[in-house]
Each structure stands twice: as C-alpha cells, then as structure tokens.
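Please take a moment with the sequence and the 3D view below before reading on.

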Amino acid sequence: MSADHGKVMELFGSVFNDVAGSVAIMMSYLGDQTGVYRAMDKLGPATASSIAIESQVDERYLLEWLSSNAARGYVTYDDDSQLFSLSPEQAAVFARENEPTCIQGLIQGVVGQFVNQDIAIDVFKTGRGRPWGEHHECCFCGTERFFRPAYATHLLDEWIPAMAGVEEKLSKGAKVADIGCGLGTSSILMAENFPNSIIHAYDFHAPSIEEARKRAESKGLENLEFFVADAAEVSNEGYDLACIFDAWHDMGDPVGVAKAIREKLTADGTFMVVEPMALDGLKNNIENNPGAGMFYGFGTLICVPASKAQPVGLGLGPQAGPKRLMELLSSAGFSDVNLAAETHNNLVLQARR
Ligand SMILES: C[S@@+](CC[C@H](N)C(=O)[O-])C[C@H]1O[C@@H](n2cnc3c(N)ncnc32)[C@H](O)[C@@H]1O
C-alpha cells in the first residue's frame with residue numbers, strides 16, 4: 001500500500017512542529033537558567049541591550065534568543081519601538097516561580113533526559129532497570145519544581161479536605177508518613193500547615209533526603225523528620241495518614257509497599273495516593289487524555305525503568321488509570337478505596353485500613 005502524500009505532509013508538519021517545540025524548550029531552559037525571563041519581568045518593555053545588561057548575558061546571542069522566543073510566542077516583540085517584553089500571561093508561564101502555571105520545572109526535567117541520552121538507549125535496548133538515582137540531577141530538581149506549585153495549590157485546600165475526617169485529625173495533631181517524599185515539598189507543606197501533627201518523610205534516595213533536610217531546617221520546622229528508607233521498610237508506626245505523592249507507580253512492588261504501609265496505619269488510618277492524571281485503558285488515554293503522550297514518554301524514560309530496578313519490578317507506569325490503581329489498593333487489603341479528587345495533572349486515591 002503506498003503512502004497518501006497529503007497524510008504524509010500532515011504528519012511531517014505535526015512532527016516538524018514538535019521538533020521546533022523541542023528547540024524552543026531548550027531556548028526556554030537557557031532563559032531560565034541565565035535569569036533572562038526574570039530580568040524581562042523586572043524590566044518591562046526593553047531593548048535587547050538592556051535585557052543583556054540586566055541578565056548579564058551576551059547581547060548578540062540574546063538577540064537571536066529573543067527572536068526565537070518571539071517567533072514561538074514565548075515573548076512579545078513590538079516592531080515600532082523594537083522593544084521586547086513579557087505579557088502577564090508569558091510571565092506567569094516562564095518567569096514567576098510561584099505561579100501554578102510556571103513550566104520551568106517540567107522543562108528542566110525534560111532537558112535532564114537529553115543529558116544522558118546514551119543511558120536511555122542502553123536501558124531501552126537491554127530492558128535493564130534504571131534506578132531513580134541514576135538520572136541527571138535536573139530530574140530531581142525539575143520534578144520537585146514542577147510538582148511544587150500543584151501541591152501548594154491543591155494539597156491543603158482540596159486533597160486533604162477530600163479525605164474523610166483527615167483534615168480535622170491533622171489540625172488537632174496526628175501522625176503522618178509521606179513516603180517517596182523526594183525533596184520533601186509535600187512533607188514541608190504539611191508540617192508548616194499542621195503544626196500539631198508530626199510528619200515523618202521517607203525516601204530511599206539519600207541525596208534527595210539530604211536536600212530535603214536542608215530545606216526543612218531553613219524553615220525551622222521541628223515537627224518534621226526525614227528518613228532514608230525503602231517504602232516497604234518504614235521504621236515507625238501508628239500513622240493516621242500515610243501518603244505517596246507521584247511515586248507509587250515508580251516503585252518495584254507497589255502492592256507489597258501498600259501492604260507494608262497498611263500495617264503501619266492506625267485502625268482507622270487513611271492511605272492517600274496521588275498519581276499522575278490518567279484515564280482507564282490505552283485507547284481512552286490516546287484519544288482523550290492530552291497529557292498521555294508526555295506521561296507515557298516519562299514512563300518509558302523514568303518510571304518503568306525505576307520500577308524495574310527494584311525487586312518485583314512490576315513496571316506499573318504513570319498511566320495505569322484509576323481502575324487499575326484502585327484494584328491494586330484493594331488487593332493490598334485496603335477497604336473503601338475510591339477516587340477522592342482529581343486535578344489537571346493528578347488523580348487522588350483514598351483508601352481506609
Ligand atoms: C517522581 S519522584 C516524586 C518525589 C516526591 N514525592 C514529589 O512529589 O516531589 C519519585 C520518588 O520516589 C522515590 N522512590 C521510588 N521508589 C521508592 C522506594 N521503593 N522506596 C522509597 N522511595 C522510593 C524516589 O527516590 C523519588 O524520590
């Protein structure tokens with residue numbers, strides 16, 4: 001069967017646009033790491049020369065960079081005045097760290113994948129696991145930076161209130177385990193907002209825990225303690241709430257981990273599992289989930305290899321979907337398993353011991 005030329009051109013155009021987008025992502029990374037977007041946000045409409053001085057980068061390169069960004073709609077160019085600027089919307093996406101729409105963490109995570117592309121090829125060919133700790137450090141800080149605004153926006157106001165009775169317990173004083181805590185963003189948020197509660201945060205990646213400890217210390221939090229430990233070997237017990245944020249599918253044995261966590265909960269304890277947004281079934285994700293291409297891509301590069309590097313190596317992947325996730329929680333012995341909340345990027349599952 002010969003190819004339909006019109007369809008070939010349509011596909012070529014679409015992929016060409018993706019390639020242009022990937023160059024734009026590298027441009028955006030340069031602008032973030034050198035502070036150009038932040039300088040532009042500070043200056044308002046400005047010449048390339050003033051932006052170069054403010055951000056201390058080479059003026060000729062900057063002009064090329066600004067032109068590329070303007071052509072992609074990432075910055076604004078006014079031909080009459082020949083000034084470059086960020087609209088409030090562009091600033092919210094590229095320059096302002098605490099905006100929930102700040103995209104720079106995600107970009108950093110993607111760029112980190114290109115750094116060690118030779119390892120990705122080897123993993124893909126051989127089927128070996130790739131431990132989380134084997135990634136470029138952009139993977140850790142990019143992940144944290146991407147998830148932070150979502151946690152800051154949703155965790156306290158939506159996700160915890162969606163867990164029956166949990167918010168009240170945390171306000172009075174409860175014991176919480178945050179497992180697979182990474183750099184501790186969710187742990188710090190809970191410790192800050194529930195000063196009567198004790199938060200224990202666990203992760204088996206020692207450099208992440210070291211960084212998380214520094215961050216908590218700088219905030220003077222005394223109700224938060226970090227542990228380097230595998231999720232299946234949480235050292236304390238009697239938890240009113242155990243949570244896993246965007247990490248359950250990365251684990252080699254999610255059911256084994258869930259069973260072990262269940263044993264560490266109080267009789268009426270809650271298990272909250274936050275996972276990337278996904279629908280049930282591949283076809284459904286392909287057709288109806290705009291994030292599916294990206295999440296299956298991260299699954300190929302990061303999540304499935306991370307799981308395969310651990311005992312059991314289930315390789316659940318980040319797009320398992322709510323039905324499968326709930327089945328796994330039920331098979332670990334939990335009751336009242338349900339989808340308590342969902343946001344643009346996340347599913348929030350609730351299970352009772
Ligand atoms: C995608 S990151 C999410 C980190 C953090 N929860 C967040 O949302 O920013 C996944 C984390 O799970 C941790 N992890 C994966 N498998 C683990 C296991 N078996 N035991 C403990 N931590 C694990 C990794 O070290 C990594 O920090």
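Phe140 is buried, at a relative accessible area of 12%, where buried stands for under 20% relative accessible area, exposed for over 50% and partly exposed for what falls in between, with a 1.4 Å probe and the protein chains only. The model is a predicted one, in which local features need pLDDT of at least 70 and side-chain atom pairs count only at pLDDT 80 or more, while totals for chains, interfaces and linings use all residues. Residues are numbered from 1 along each chain as its sequence is written, and side-chain values use heavy atoms, with hydrogens and water left out.

Phe140 belongs to helix H8; helices (H or I, at least four residues) and strands (E, at least two) are DSSP runs that are numbered from the N terminus. Although 67 residues separate Phe140 from Pro207 in sequence, the C-alpha atoms of the two are 9.7 Å apart in space.

Another buried residue is Asp32, with a relative accessibility of 5%, and this residue is part of helix H1, which covers residues 5–33. The side chain of Asp32 is joined to that of Arg145 by a polar contact of 2.9 Å; such a contact is a pair of N or O atoms within 3.5 Å, and within protein one atom must be able to donate a hydrogen and the other to accept it, while residues adjacent in sequence count only if both atoms are side-chain atoms. From Asp32 to Phe94 the separation is 62 residues in sequence and 7.6 Å in space, taken from C-alpha to C-alpha.

Gly109, in helix H6 (residues 104–115), is likewise buried, with a relative accessible area of 11%. Its C-alpha lies 23 Å from that of Leu62, a residue 47 positions away in sequence.

The loops bring in two residues with a particular backbone angle. Most residues other than glycine have a negative phi. Gln56, however, has a positive phi of about 55 degrees without being a glycine; it lies in the loop between helix H3 (48–55) and helix H4 (59–72), and it is exposed, with a relative accessible area of 72%. Gln82 also has a positive phi, near 60 degrees, and is found in the loop that runs between strand E1 (76–78) and strand E2 (83–85). With a relative accessible area of 51%, Gln82 counts as exposed.

What surrounds the ligand? A shell of 19 residues does so, and the closest are Tyr151, Gly180, Asp203, Ala231 and Phe245; a residue is near a molecule if one of its heavy atoms lies within 4 Å of it. Helix H8, residues 137–159, gives the most to this shell, with 3 residues. By type, the shell divides into 10 nonpolar, 5 polar and 4 charged residues, where Ala, Val, Leu, Ile, Met, Phe, Trp, Tyr, Cys and Pro count as nonpolar, Asp, Glu, Lys and Arg as charged, and the others, Gly among them, as polar.

A polar side-chain atom of Tyr151 is 2.5 Å from an oxygen atom of the ligand, and an N or O atom in the side chain of Trp132 is 3.5 Å from a ligand oxygen atom. For Gln310, a polar side-chain atom lies 2.9 Å from a nitrogen atom of the ligand. Of the 590 Å² of accessible area that the ligand has on its own, the protein covers 96%, with accessible areas coming from the Shrake-Rupley method with a 1.4 Å probe and, for residues, only the protein chains shown counting as cover.
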